[in-house]
Amino acid sequence: MTDGISNVHMQVMWNRLISVVEEQALTLLRTAFSTSVREAGDLSAGVFDEQGHMIAQAVTGTPGHVNAMAEAVGHFIDEIGGDNIFEGDSYITNDPWKGTGHLHDFTFVNPSFRNGRLVGYFACTAHVVDVGGRGFGPDATEVYEEGIVIPIMKFAERGEVDQRLIKIIRGNVRESGQVIGDLYSLSSCNDTGHQRLMDMMDEFRLDDLNELRDFVFSNSLNATMEHLRDLPAGSYENEMTVDGYDAPVTMKLRLDVSDQGVLADFAGTSGLSRKGINVPLVYTTAYACYALKCALAPQIPNNHASLSPFKVTAPENCILNAKHPAPVAIRHVLGQFLPDVVLGALHKMLPDRVPAEGASALWIVQLGARPIENGQAAAGEAMRNSEILMFNSGGTGARPTLDGLSATAFPSGVHTMSAEVTEHVGPITIWRKELREGSGGAGARRGGLGQVIELSANPGHRIYINAMFDRCQNPARGRNGGHPGAAGSVELDDGSKLSSKGKQWIPDERRLVLKLPGGGGYGDPSQRDPALVAQDVEREYITPDQAKRDYAREN
Amino acid sequence: MSYNNLSVRVGADIGGTFTDVVLEHGSGQHSSKVLTNNSNPEQAIIDGLRKVTQIAGVGIEHIDQLIHGTTLATNALIERRGAATAFITSLGFRDVIEMRTEGRFEQYDLNLSLPPPLIAREHRYVVAGRIAASGRELVALDENELQRIATRIGERGYQSVAIGFIHAYVNAAHERRAREIIAAEVPGISISISSEVSPQMREFERFNTVCANAFIKPLMASYLQRLVDRFRDEGGVCPVFMMHSGGGLISVESAIEFPVRLLESGPAGGAIYAADFAAGYGLDKVLSYDMGGTTAKICMIEDRVPKTARSFEVARTYRFKKGSGMPVSIPVIEMVEIGAGGGSLGWVDEMNQIRVGPESAGAEPGPACYNRGGLNPAVTDADLLLGRLDPERFAGGDIRLETKNAETAMQRAIGDRLGMDIDIAAIGICEVVDENMANAARVHAVENGKELGDFTMIAYGGAAPLHASRLSEKLGIDELLIPPGAGVGSAIGFLRAPFGFEAIRGAFLRLSEFDAGWTNRLIDELDDEAQRFARTGSTELELLREIKAYMRYQGQGWEIMVTLPDREFKNGDEAEIRKRFEDEYIRLFGRALDGIDIEIMTWSVQVRSRLAEPRKVVPVGTETPRYSDERRRIYDAREQRFLDAAVFQRDDLQAGDLVSGPAVIIERETSTIVNNRFQAIRQSDGCLLLRLKGKTSD
């Protein structure tokens, strides 16, 4: 009886712990300034044991931070030093190699004390508006150009915020009010987590988290291993080539699968780029593990134990294990392709379980708007400098039994922003944001459609784009006979092409036109249900010509 | 009208399973419960009316006021039963309602399906014409194209049309002109425009709202017309009013025009019902907790007024998950809904953890103990096994509960899998479902910057009294109220609702560019709109007014609601507005920020009639301890053991009677569990007040 009861109580406490970190994440989501946090949920939050092992992570958040943050806390404990950790402390870093892969992400860790004794840590990560340097984009050649780096250090000691640090940051970033605001939000959301944890420990009369942690870890590990036991052991390879900055990048993967775990090795992957598309290993690990978990053990919550059977390696200074001082600002582009690479290898092990390739990397539209000298705004509209950020998604790959999702983020967990709200942020007009007809790869299951975006500067202004788009030369491939999705394209409304990477001014009177890639198809298109083909034509997801060409449908 | 000089008021609530009618004649109250009639919903109301008037001894012609709320609009959206609807939108934005947020509401499901748009792509038409964020016309409306679309709409036989253009909340000219053109070409067709239905910024939410309105409008119009006709045929002469989502009353005519405002009107009635008790007991901070067969709903009520929001989500398709439904941006009483009811099923996941819901046994087959073929253990089965329900007296003895079935189901689904005794498995189900509800309440509180510890819980709905005292323990709440006859709470709530309406509009203002004239004009317009709806009850009404703004620091994505002073603004008032914003911000987040401009995104003017002074509940004088020889073993989760509990019949308790926990107080529909830490005092109005032992009344 007692065993049974205590088991029930452990379960309830585990649920509560997940709720505690969820409250922590929601506090951050609500108070953050950064567009990518507030509109899009680009954040993570979690609770850790005294050794820095993650016990629970908030459901709200994005995969790019999953193990990145999980590993970070260990670095913090090492750097700060055990006898330098005090109640009321708060630690900070945006070091890409110690945090989550680029300078724009700040990670905060706060120790959690109970009755004077350290019981664990709270950590959270969020993307801030600016870190100085060149601004968010791929064009730096070293991380030094990408902005200010704050090594792991104390943001606050015994409750006192280090005002010298605040001054330094304030002096080095654009929109400093918002950035500083975000730093305080990060620190205080950890406090919220701590408060909730104390309430929980009061209620359940706990002095420490050890017993609960052991319960969480053993249950998670057992459940994960159960999944791995059923897998056909062996090595499975895959490779995928994408556009890169100025030269194509090939990502090569070998998955070694056994009943002990999965090792993902990226040996053979292209070397570093001169520009900021390089990926620190923490971020490579995060997205590779995300894909493995999605396909193999999706129901098991993320924690130290459930992630431990998944290991990722890559040769030093290949593009997926970039070392300091490589530029890494837009590491998300290649990072978000990793699930395609991993799922492609898994397909060889588990046919008909995983989707075709998709657009995958977000099309993050970073615009700068500047008043034209002697220009004239329209009546009632102001002239001003603005930085505008929009997240947009192409199509996902078709699934074995389902079409791909149109204009939907995968693997990223973010949302788009409302066009109406964006037009209040900066002096632009969005003329078009709708599905891109005919862009889904043909197949028994059709790939998701990409989208088309058209925008221009308002009167009196000129805009530039920090382009960081991929899949313009290398579209998403289909699977099992499915066709590729449409490639992406960066153009002006007169049809002239722009580069898909780097800063470019949009000529006056012209509109920028972005055509986002579609997802790959799954299975032979001739196997597609004719009624669905007819519906796709009626809905203008595909053209009558495409129906004829790809699906052999007579009109 | 009226009878014996006492007014006769009737509330009628159509829910998924039952249609409740409550009649108040002077201080007397009578109710009836009949099965909902899905093909002729009005028939159930007429049946209920006949029944209840007969019991009360009044005629239908004596009724002074009929107030109605219904789940029909919500169900029509969930089941996608609506009119053939076309959507006309801005060129370049055909797919806003299909592309949604471009996000996935579940991160780890590779086979995720998103809810399809309410109006499929082939029924969405685009027209050139464009308004800028500032309200300026960028491109004139292409009237020739609209003419062609109008012809097409006539030919294709649509019954209803939704019109939603970009930035129409700030300049509605194009939408209005488009309506004229369509109406001229297709006379009599039902048309909804986004600038009237939901003039808020954010195109996905607004367009979806206008589409939802158009989609259910013909259906609801026909239903409401039939209801009024049948009521007249039966001799009813009084006006009929509708409960709206925001917790106020509007005329049937307004409801026909804006049926989307009827969504969730039943639960809104429940919250008003709880708010009325809050007023009667002088409680400023209340958490209402309604637990039925499939879901639990939680709402915060402060200063007698249920908390409202300006948008919500209906028809969630994926385990009640946020983001999996349709957003509707209208003012609404804000409820958190959890897949946790008496019928919610317990199961074991792959980590050998007990989970509860959201799958539910529903009314058929119901929990295993109903003996109607249910094989899986529901929360009700767990309650039975833990001694919380009396198998012989459930539902007044109408349903005999089979303990054996509950045991078998519990053993099979949980006990065998986890090697647990069925007692422990039942404890597990109850603790997990209580924890799920507590977590949802806590997250809701943190989103609103509230501490639940100072709240009083008001629990109603069939399963709530069974779980309320444990839930209170988990939330640190030490006082809870369980009203009598809560089975028809929503319908009673309708009778306590004010005439009222909240007009809300997106209009962007940087506080550094504050313009008093512009602000005053905007508020006057909103006031006109709100008054027009609220005064359908009577032009004589004395209306209370509240002006609110949804504000944020420039760059933030999450606005907070700030009450503005109600007066003619003058330039310079931005200092006070900033102060109010900062005060609220500090209250919520602990600190204000320097050097960042403040933006107002949305404005609201709410008017409502002054409510009758609440019937103050006379406090009971001396408390008389009561004892019972009837004993039952119940499990106390906090003590982590079974305790010997006294059993009482609720009807036997008199005002002032005090029952010390652990105890079970049985009534016809349910039982109230009094945990070991609580004592229950029967109040003069029949409520049970549960209070932590040792805590004195305030």
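## Chain B overall and strand β16 of chain A

In chain B, 68% of the contacts with a separation of 6 or more link residues 24 or more positions apart; a contact means two C-beta atoms, placed from the backbone, within 7 Å. The model is predicted: local features need pLDDT of at least 70, side-chain atom pairs count only at pLDDT 80 or more, and totals for chains, interfaces and linings use all residues. Residues are numbered from 1 along each chain as its sequence is written, while chains are lettered from A and ligands numbered from 1 in the order in which they are written.

Chain B holds 16 helices and 36 strands. These are DSSP runs numbered from the N terminus: helices are H or I with at least four residues, strands E with at least two. Of the 698 residues in chain B, 56% are buried, that is, with 20 or more other C-beta atoms (placed from the backbone) within 10 Å of their own. Along the principal axes, the C-alpha atoms fill a box of roughly 80 × 60 × 50 Å. The radius of gyration of chain B is 26 Å, which agrees with a compact globule because 698 residues would give a value near 26 Å. This radius is taken over C-alpha atoms, and the globule rule is 2.2 Å times the number of residues to the power 0.38.

Now to chain A. Strand β16(A), residues 461-468, is mostly covered, with six of its eight residues buried. Its pairings are tabulated below; strands pair if DSSP finds at least two bridges between them.

| Partner of β16(A) | Residues | Sense | Bridges |
|---|---|---|---|
| β12(A) | 363-371 | antiparallel | five bridges |
| β18(A) | 501-505 | antiparallel | five bridges |

Ile465(A) in β16(A) faces Leu367(A). Met468(A) has Lys501(A) of β18(A) as its bridge partner.

Note on methods. Buried ≥ 20, exposed ≤ 12 C-beta atoms within 10 Å, placed from the backbone.
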